[in-house]
Amino acid sequence: MRKVLISLVLAVSVSFGSFAVTIFYDNFDANLPRLNGWKESSSSYVTRYTGSYKIGSAAMQLKKSSNAVAYINISPYKDMRLSFKMAKYSLETGEKLLCQYMTGTKWVTAATLTNTAKSGVYYSYTVSIPTATTLKIRFILNGSATNDYGYVDEVKLIGNRK
Ligand SMILES: [Ca+2]
């Protein structure tokens, strides 16, 4: 019985032993004229959006064919996890909203939201990020018309200090 208790205490202290820190977080709720910390392919197609499909007071909206990239210095960190939420509206067959990341020379697809997803509903994703110097996170909408929309919210990168 005592042995069981000790293992339990050990297991708890291992899981809470190192506290994850927030390395990057954007909920797009800050009322700024432009998205802060993102490089947009187009300032008219990638915007801060306060309409129906958001968490909190705003989200990032991507229109037609566009993307937004964030560059994050991750050299002090390890055990990283990237989480984010994506929604779509009015996408047709073959059109999709993607999240990709790069820590070396190749983009890795973290999540794909296709036209078959429910419109205006946020889907949550979490992926592990390998240890590296720089992390690029990219959201891409492969739509074809200006009424094809992708939405991104609650982008968060957590990790432990090395
Ligand atoms: Ca938000």
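**Figure 1. N67 in strand β5 of the predicted model.** N67 is found in strand β5, and the model shown here is a predicted one. N67 counts as buried because 20 other C-beta atoms lie within 10 Å, and 20 or more is the number required for a buried residue. Leaving aside neighbours within four places in sequence, N67 is in contact with S41, R138, F139 and I140. One of these residues, F139, is 72 residues away from N67 in sequence. In space, the C-alpha atoms of N67 and F139 are 5.4 Å apart.

**Figure 2. The five-stranded open sheet.** Strand β5 spans residues 65–73 and belongs to an open sheet of five strands, in the order β2-β5-β10-β7-β8. The pairing in this sheet is antiparallel. Strands β7 and β8 run antiparallel and are joined by six bridges. Across this pair, L98 stands opposite T112 in β8.

Figure 3. Strand β6 covers residues 77–89, and β11 covers residues 149–161. The two run antiparallel, with 10 bridges joining them. S83 stands opposite K156 in β11. Strand β6 also pairs with β9 (residues 123–129), again in the antiparallel sense, over seven bridges. In this second pairing, L82 stands opposite V127 in β9.

**Figure 4. The largest nonpolar core.** The largest nonpolar core of the chain has 34 residues. M60, L82, M86 and V152 are the residues with the most contacts inside this core. At least two core residues come from each of β4 (59–63), β6, β7 (96–102), β8 (108–114), β10 (134–142) and β11. Strand β6 supplies the largest share, seven residues.

**Figure 5. Contacts of M60.** M60 is among the residues with the most contacts inside the largest nonpolar core. Leaving aside neighbours within four places in sequence, M60 is in contact with F28, L35, V46, R48, Y49, A68, Y151, V152 and D153. V152, one of these contacts, is also among the residues with the most contacts inside the core.

Figure 6. Most residues other than glycine have a negative phi. F28 is not a glycine, yet has a positive phi of about 60°. F28 lies in the loop between β1 (21–26) and β2. Because F28 has 26 C-beta neighbours inside 10 Å, this residue counts as buried. F28 is also among the contacts of M60. K64, likewise not a glycine, has a positive phi of about 50°. K64 is placed in the loop between β4 and β5. With 18 other C-beta atoms within 10 Å, K64 is partly exposed.

**Figure 7. Y53 in the loop between β3 and β4.** Y53 is placed in the loop that runs between β3 (46–49) and β4. Y53 is partly exposed, with 18 other C-beta atoms within 10 Å. Not counting residues up to four places away in sequence, Y53 touches A59, A87, Y89, G120 and Y151. Y151 is also in contact with M60. Y53 and V121 are 68 residues apart in sequence, and their C-alpha atoms are 7.5 Å apart in space.

**Figure 8. Residues 9–13 and the chain as a whole.** Over residues 9–13, pLDDT stays under 50. For this stretch the model has zero contacts beyond four places in sequence. The chain averages a pLDDT of 91, and 89% of the residues score at least 70. The secondary structure comes to one helix and 11 strands, in the pattern α-β-β-β-β-β-β-β-β-β-β-β along the sequence. Of the 162 residues in the chain, 31% are buried. Among contacts with a separation of 6 or more, 75% are between residues 24 or more positions apart.

Terms used. Residues numbered from 1 in each chain as written. Predicted model: local features only at pLDDT ≥ 70, side-chain atom pairs only at ≥ 80, totals over all residues. Core = buried A, V, L, I, M, F, W, Y, C linked by C-beta atoms within 7 Å. Buried ≥ 20, exposed ≤ 12 C-beta atoms within 10 Å, placed from the backbone. Helix = DSSP H or I, 4+ residues; strand = E, 2+ residues; numbered from the N terminus. Contact = placed C-beta atoms within 7 Å. Pairing = 2+ DSSP bridges. pLDDT = per-residue confidence, 0-100.
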